[in-house]
Amino acid sequence: FSSIDILGIPFANATRNQFLDQLQGRIEHHQNTFVVTANPEIVMYARKDPAYRKLILTADFISPDGIGIVKASQTLKTPLPERVTGYDIFTHLLNWANQNKKSVYFVGAKPQVIKQLKLKLAQDFPNLQLTGAHDGYFKSDTEIVNVIEKQQPDIVFVATGFPNQEKFIAHNRHLTKGLWMGVGGSFDVFVG
Ligand code: UDP
């Protein structure tokens with residue numbers, strides 16, 4: 001995709017479906033991918049924190065997770081086609097992963113949420129290969145990272161909130177040939 005700059009962040013100039021197609025194609029081809037879904041909060045935070053901004057810029061794709069970003073792009077006369085939210089991408093990729101028997105690792109949210117997440121996946125996504133799920137309240141990430149490296153999941157979803165999740169991904173993404181994506185509070189929303 002071409003990119004559209006909003007307050008120093010290059011957003012992917014793509015519709016939600018184009019974005020999903022691209023990510024699914026890269027998973028199929030085992031291309032290492034880092035996705036950031038940036039809401040206005042993240043954009044503002046990146047302006048204050050150059051180190052975080054630098055880290056965000058190592059992502060392969062940044063999607064506009066918020067109508068505010070789409071509105072800003074229109075005001076700047078470089079309109080982005082539509083809002084592409086983290087939760088939307090998360091749920092679509094889960095469905096696709098289930099249909100295509102892809103393997104997924106989940107890290108983030110509270111232990112109780114992870115418990116519910118596992119139940120829901122077993123019930124509603126029987127073809128998805130669960131390579132592991134760990135809550136986001138760990139002291140050391142060694143055990144988590146070792147499992148990810150050994151299991152080589154197609155997708156790693158990290159739901160520990162920003163800026164933490166992007167730091168975790170930037171640090172560990174080289175361990176697989178798959179897709180890594182920060183999804184904020186998506187596990188909480190998903191389990192309801
Ligand atoms: N979280 C976590 N570990 C932490 C702090 C937060 O796993 O040390 C989780 C929290 O349980 C929630 C998510 O991170 O599920 C943060 O969600 P939020 O909607 O605040 O996302 P943000 O907007 O911060 O990206």
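This is a predicted model: local features need pLDDT of at least 70, side-chain atom pairs count only at pLDDT 80 or more; totals for chains, interfaces and linings use all residues.
1. Helix 5 runs from residue 86 to residue 99. Its 14 residues, at 1.5 Å each, should span 20 Å, and the C-alpha atoms at its ends are 20 Å apart, so expectation and model agree.

2. Which residues of helix 5 are buried? They are Gly 86, Ile 89, Phe 90, Leu 93, Leu 94 and Ala 97. Viewed down the helix axis, these residues fall within an arc of 135 degrees, so they line one face of helix 5.

3. After helix 5 comes Lys 101, which has a positive phi, near 55 degrees.

4. Helix 6 covers residues 111-124.

5. Val 113, Ile 114 and Leu 117 are buried in helix 6. They take up an arc of only 95 degrees around the axis, and therefore lie on the same side of the helix. The face turned away from that buried side carries the exposed residues Pro 111, Gln 112, Leu 119, Ala 122 and Gln 123. Among the elements covering the buried residues of helix 6 are strand 5, strand 6 (129-134) and helix 9.

6. Gln 151 belongs to helix 7 (residues 142-151). Is Gln 151 buried, exposed or partly exposed? It is partly exposed, because 16 other C-beta atoms lie within 10 Å, and a residue counts as buried at 20 or more and as exposed at 12 or fewer. Leaving aside residues up to four places away in sequence, Gln 151 touches Ser 103, Tyr 105, Thr 131 and Gly 132. Gly 132 is 19 residues from Gln 151 along the chain, and their C-alpha atoms are separated by 8.6 Å.

7. There are 13 residues around the ligand, and Ala 109, Gly 136, Gly 161, Gly 184 and Gly 185 come nearest. The shell around the ligand consists of 5 nonpolar, 6 polar and 2 charged residues.

8. On confidence, the chain averages a pLDDT of 97, and 100% of the residues score at least 70. The lowest confidence in the chain is in helix 2 (residues 40-48), with a mean of 95, and the highest is in strand 7, at 99. For the complex, the predictor gives an ipTM of 0.95 and a pTM of 0.97.

Terms used:
Residues are numbered from 1 along each chain as its sequence is written. A residue is near a molecule or strand if its C-beta atom, placed from the backbone, lies within 6 Å of it. Ala, Val, Leu, Ile, Met, Phe, Trp, Tyr, Cys and Pro count as nonpolar, Asp, Glu, Lys and Arg as charged, and the others, Gly among them, as polar. Helices (H or I, at least four residues) and strands (E, at least two) are DSSP runs, numbered from the N terminus. The expected span of a helix is 1.5 Å times one less than its number of residues. The arc is that of the directions from the helix axis to the C-beta atoms. Two residues are in contact if their C-beta atoms, placed from the backbone, lie within 7 Å. pLDDT is the predictor's confidence in each residue, from 0 to 100.
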